[in-house]
Amino acid sequence: MEQYSAFHGKLDRGGAHTRKLKIVCEECNNTWMSRIQNESKDAILKIHRGQWDSITAGDRHNLATWATMFAMVVDFIQPDIVAIPQSERTKFYKLTKPSDKGIVWIAPYSARDLAPEYDQIAIGVLDRSQRPPVLSEPIAQIVTVVMGGIIIHVCHTTAFPLWVRLNRDYSPHLNMLQIWPNFEGPSFRPEFTFKEGSVLELTKLTQTFVCGGQQFPF
Ligand SMILES: [Zn+2]
């Protein structure tokens, strides 16, 4: 099995709006990206009001699409450590649907502030046969974002075996509702409500599953 390690310094937390990051151009932001944002509003408001049972397959799809867009935008906060390849962004621009290399989960969150707060980390493959060990280009990204009573967790990876492990071995233990892939499953309110501080904890939890707790010492 391949050994993975997280990049230090990729962590970026706080309530920065994607708009303030100035990563995307004005035109994209005002057209197709704002359309995705608008289409996710129904789902976000339903969850904000606690109406988990009324979340439809369409809501789940729209929310997973928004989460994918968010993950792709914040991936550029550090342009030298970008985990989602250009081919995936091009595909997303053309199809505006979640990536088949992504997984998206949601759960209730205790704080009610509608301004998003997020955390993210990039992961590479660690080659220990080299002295000193060498970390590859990023092959996975973990993003956690909270807003208005909802916590959204997104993993994107070009390493298919890792994607399979996350889906099969990790997802069932996460106490969250997986909305991508299989966005057509039943919607329910996960029993566990994430508390303030969970943004960092959840990101760390997934990082530990992927990397076995180790970080590459830069
Ligand atoms: Zn643009």
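Gly102 stands opposite His156 in strand E5. Gly102 belongs to this model's strand E2, which covers residues 102-108. The model is a predicted one: local features need pLDDT of at least 70, side-chain atom pairs count only at pLDDT 80 or more, and totals for chains, interfaces and linings use all residues. Residues are numbered from 1 along each chain as its sequence is written.

The protein chain has eight helices and six strands. Both kinds of element are DSSP runs, numbered from the N terminus: helices are H or I runs of at least four residues, and strands are E runs of at least two. Along the sequence, the pattern is β-α-α-α-α-α-α-β-β-β-β-α-β-α. Of the 218 residues in the protein chain, 38% are buried. A residue is buried if 20 or more other C-beta atoms lie within 10 Å of its own, exposed if 12 or fewer, and partly exposed in between; the C-beta atoms are placed from the backbone. Contacts were also counted. Two residues are in contact if their C-beta atoms, placed from the backbone, lie within 7 Å. Among contacts with a separation of 6 or more, 75% come from residues 24 or more positions apart.

Strand pairing was examined next. Two strands pair if DSSP finds at least two bridges between them. E2 and E5 run antiparallel and are joined by seven bridges. E5 spans residues 150-157 and is also joined to E4 by eight bridges, again in an antiparallel arrangement. Within this pairing, Val146 has Ile151 of E5 as its bridge partner. The hairpin of E4 and E5 has two residues between the strands, and Gly148 there takes a positive phi near 45°. On its other pairing, E4 is joined to E3 (residues 117-127) by ten bridges, and these strands run antiparallel. Ala122 has Gln141 in E4 as its bridge partner. Six residues make the hairpin link from E3 to E4.

How far are these strands covered? In E5, eight of its eight residues are buried. In a regular strand the side chains alternate between the two faces of the sheet. Both faces of E5 are covered. Ile150, Ile152, Val154 and His156 are buried on one side, and Ile151, His153, Cys155 and Thr157 are buried on the other. Strand E4 (residues 134-147) has ten of its 14 residues buried, so it is largely enclosed by the rest of the structure.

Strand E1 (residues 4-6) includes Ala6. Ala6 counts as buried because it has 26 C-beta neighbours inside 10 Å. Ala6 and Val210 lie 204 residues apart in sequence, yet their C-alpha atoms are 9.0 Å apart in space.

Among the helices, H5 (residues 57-74) has 18 residues. From its first C-alpha to its last, H5 reaches 26 Å, close to the 26 Å expected at 1.5 Å a residue. The expected span is 1.5 Å times one less than the number of residues. In H5, 15 of the 18 residues are buried, so the helix is largely enclosed by the rest of the structure.

Helix H3 (residues 32-39) packs with H5 at an angle of about 135°, and their axes are 8 Å apart. Axes are lines fitted to C-alpha atoms, for helices over the stretch in contact, and angles run from 0 to 180 degrees between N-to-C directions. The angle makes H3 oblique to H5. Angles under 35 degrees count as roughly parallel, over 145 as roughly antiparallel, 65 to 115 as roughly perpendicular and the rest as oblique. Met33, Ile36, Gln37 and Glu39 of H3 make the contact with Asn62, Thr65, Trp66 and Met69 of H5.
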